[in-house]
Amino acid sequence: MEAWWRALIFDAGYNTSLVTLGAMLLGGGAGMIGSFVLLRKRSLVSDAISHATLPGLALAFILMALVFGDGRWMPGLLVGAGLSAAVGLWAVQAISHRTRLGEDAAIGAVLSTFFGLGVVLLTVIQSMAVSGQAGLTGYLVGSTAGMLAAEAQLIALCSLLLAAGIFVMRRDFLMVCFDPVFASTNGVRVQRVDMLLMLLLLAVVVIGLRITGLILIVALTIIPPVTGRFWTDRPLRVVALAALLGALAGYLGVTLSSVREGLPTGPLVVLACFVLFLVSFLLSPRRGILATLMAHQRFKRRVHLRQGLLAMARDEAIFDDLTMRVLRRQGFIRRDGVATPSGWAAGRDAEHEERLWALYRQYYPEESAQLDHRGLLPIERVLSPDTIMVLENRLMMGRGAHP
């Protein structure tokens with residue numbers, strides 16, 4: 001427990017604190033750029049980019065090992081991974097734009113081909129007489145145990161610059177994601193902005209290789225934006241929430257991995273993302289499962305109350321148990337099935353509103369088709385007083401002409 005608390009308050013050592021900060025910045029940047037990629041409906045592109053980094057990573061290691069005798073210089077590995085990922089991104093766009101194949105087919109082809117090439121190169125590296133081969137496996141699922149302070153500083157600095165760049169370009173990204181034609185008429189170069197979005201996504205993938213690994217980095221670009229979507233409909237708020245949730249997942253994942261030796265950082269970061277997603281999925285007041293179930297139950301009770309009141313007003317028998325329970329709970333009917341005075345009054349009001357709604361649907365069919373009231377809300381909460389007055393007059397006069 002002491003180790004857990006020390007990790008939580010950034011007191012587990014300089015290097016651990018630096019890695020935690022870098023993971024938080026990476027998670028925040030991944031959540032931000034992932035929000036725009038999600039809105040652009042190109043989330044799986046990050047999967048292709050991440051798998052396309054492996055051959056470049058392996059080739060960079062081989063070249064540096066042949067020249068310097070040790071291929072584990074992190075900046076060189078990131079450059080190689082970035083170049084390979086850029087080729088993979090170009091291949092996805094070329095296949096999807098210049099052939100009849102869809103983007104999903106292009107992603108599958110590039111992902112499998114580049115990852116297969118990377119695995120072959122890793123096998124070649126294992127047979128080389130150089131040091132540091134074992135450290136490359138950490139780039140598959142992430143590993144911070146042997147990370148140097150300089151490497152952690154590089155990740156933290158790149159993540160901070162990345163987050164700042166996304167923040168500056170957020171409005172252009174939103175315009176392109178929602179309406180490219182409108183963005184173009186307002187002077188935004190859509191193709192350049194789209195390419196910049198993909199390049200920033202590529203940067204997130206490359207920076208996150210050491211922390212979450214190339215297999216799991218895609219989770220940081222997809223899960224936080226989806227989680228933020230449960231809480232708000234405003235795009236910029238989704239971006240802010242995704243950044244916050246991504247940073248929190250990075251913080252929790254690195255903290256958990258630092259408590260006990262041997263715990264993998266990348267998978268714990270992804271599991272933290274999933275826990276936050278699960279909590280939002282269950283408890284969000286807007287789209288959560290519990291809120292949806294409660295809203296359904298409220299709607300169901302309103303339907304039974306409405307039908308029960310109409311049945312009382314029309315002197316019809318009520319056989320449904322739930323309808324009887326709802327009416328008794330409201331004080332509209334006694335246990336012996338006899339309506340109370342308030343129940344008779346409510347039934348007459350419900351019958352009167354039902355006639356008004358029938359007239360409204362008859363004389364205003366287009367407007368009524370756009371309403372989602374289903375006759376369950378009081379009519380004064382849906383229609384204007386002038387419209388209600390016209391309907392009342394029509395009901396009293398009983399004329400058939402349009403008012």
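Which ring does the charged end of Arg 170 sit over? The ring of Phe 167, with the charged end 4.1 Å from its centre. A charge sits over a ring if NZ of Lys or CZ of Arg is within 6 Å of the ring centre and within 35 degrees of the ring normal. Arg 394 lies over a ring too: the face of Tyr 363, at 5.4 Å from the ring centre.

Some ground rules. This is a predicted model, where local features need pLDDT of at least 70, side-chain atom pairs count only at pLDDT 80 or more, and totals for chains, interfaces and linings use all residues. Residues are numbered from 1 along each chain as its sequence is written, and side-chain values use heavy atoms, with hydrogens and water left out.

Now ring on ring. Rings of Phe, Tyr and Trp (its six-membered ring) pair if their centres lie within 6.5 Å; planes under 30 degrees apart are stacked, over 60 edge-to-face, the rest tilted. The count by this rule is 7 aromatic pairs. One of them is Phe 230 with Phe 281, edge-to-face, 5.9 Å centre to centre, with 80 degrees between the planes. Phe 230 is in the loop between helix 11 (213-229) and helix 12 (235-259), and Phe 281 is in helix 13 (residues 265-283), so the pair ties together parts 51 residues apart in sequence. Helices here are DSSP runs (H or I, at least four residues), numbered from the N terminus.

Buried or partly exposed? Phe 230 is buried, at 12% relative accessibility. Phe 281 is partly exposed, at 31%. Buried means under 20% relative accessible area, exposed over 50%, partly exposed in between (1.4 Å probe, protein chains only). Phe 230, Phe 274, Phe 277 and Phe 281 form one aromatic cluster.

Key:
Helix = DSSP H or I, 4+ residues; strand = E, 2+ residues; numbered from the N terminus.
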